[in-house]
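User: I am new to this structure and would like to learn how to read it. Please take me through it one feature at a time.

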Amino acid sequence: MDQRFAPGDYLIFQLESGFGLLRVIGIDEPEGQTIWHLMAYEELFPSIEAAEQAIATPASLHVRQAHMALTNRAFERTPAARLGNVEINDQERAQYERWLHSGQQVSDRSALLMLGLR
């Protein structure tokens with residue numbers, strides 16, 4: 001991916017039925033291997049503008065998947081663009097912290113495949 005993303009970024013992706021949102025909640029680089037920590041939202045939007053309006057009031061969004069850890073390869077296969085950035089809150093950070101203290105599984109499947117979307 002040409003773009004550089006950071007924690008707090010909202011990412012938009014396109015499906016046939018509309019646009020969806022992901023959120024970068026963390027990035028790790030153990031042993032030089034990047035691991036992307038993402039959150040996925042339930043809503044689909046008819047336009048990019050509608051998604052931008054939704055992230056202006058994030059409390060209105062519903063979490064579909066609170067945490068997904070992806071390899072850099074899997075993240076690169078997730079076609080997404082940066083839509084905006086808002087600081088990570090304690091609840092979002094807690095999902096990442098839970099992963100740190102668990103089995104730390106990392107997927108090599110794209111976020112869309114993990115969500116059952118194509």
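**Reading the fold and its residues**

Analyst: Of the contacts in the protein between residues at least 6 apart in sequence, 67% join residues at least 24 apart; contact means heavy atoms within 4.5 Å. This is a predicted model, in which local features need pLDDT of at least 70, side-chain atom pairs count only at pLDDT 80 or more, and totals for chains, interfaces and linings use all residues. Residues are numbered from 1 along each chain as its sequence is written, and side-chain values use heavy atoms, with hydrogens and water left out.

User: How many helices and strands does the protein have?

Analyst: Helices (H or I, at least four residues) and strands (E, at least two) are DSSP runs, numbered from the N terminus. Here there are four helices and five strands, in the order β-β-β-α-β-α-β-α-α along the sequence. The radius of gyration is 13 Å, close to the 13 Å from the globule rule for 118 residues, so the protein is as compact as a globular protein of that length. That radius is taken over C-alpha atoms, and the rule is 2.2 Å times the number of residues to the power 0.38. Along the principal axes, the C-alpha atoms fill a box of roughly 40 × 30 × 25 Å.

User: What share of the residues in the protein is buried?

Analyst: Buried means under 20% relative accessible area, exposed over 50%, and partly exposed in between (1.4 Å probe, protein chains only). Buried residues are 45% of the 118 in this protein.

User: Is Gly-103 buried or exposed?

Analyst: Gly-103 is exposed, because its relative accessible area is 66%. It is in the loop between α3 and α4 (111-114). From Gly-103 to Ala-81 is 22 residues in sequence and 30 Å in space, C-alpha to C-alpha. Phe-75, in helix α2 (residues 72-76), is buried because its relative accessible area is 2%.

User: Which side chain makes a polar contact with the side chain of His-37?

Analyst: A polar contact is a pair of N or O atoms within 3.5 Å; within protein, one must be able to donate a hydrogen and the other to accept it, and residues adjacent in sequence count only if both atoms are side-chain atoms. For His-37 the partner is the side chain of His-67, at 2.8 Å. His-37 is in strand β3 and counts as buried because its relative accessibility is 0%. Beyond neighbours within four places in sequence, its contacts include Arg-23, Asp-28, Tyr-96 and Trp-99.

User: How much space lies in the largest pocket?

Analyst: On a 1 Å grid over the protein atoms alone, a pocket is an open set of points with protein on both sides within 12 Å along at least five of seven lines, and lining residues have an atom within 4 Å of a point. The largest pocket holds about 230 Å³. It has 15 lining residues, and the closest to its centre are Met-39, Tyr-41, Val-63, Asn-89 and Glu-92. β3 (35-45), β4 (63-71) and α3 (90-100) each supply at least two lining residues, and α3 gives the most, with three. The lining divides into nine nonpolar, three polar and three charged residues.

User: Where is Met-39 placed?

Analyst: Met-39 is in strand β3 and counts as buried, at 4% relative accessibility. Leaving aside neighbours within four places in sequence, Met-39 is in contact with residues including Leu-21, Val-63 and Glu-92. Met-39 and His-62 are 23 residues apart in sequence and 11 Å apart in space, C-alpha to C-alpha.

Technical notes
1 Å grid on protein atoms, 1.4 Å probe; cavity = no way out; pocket = protein on both sides within 12 Å on 5 of 7 lines; lining within 4 Å. Points joined across faces, edges and corners; volume = space filled by probe spheres on them. Nonpolar A, V, L, I, M, F, W, Y, C, P; charged D, E, K, R; others polar.
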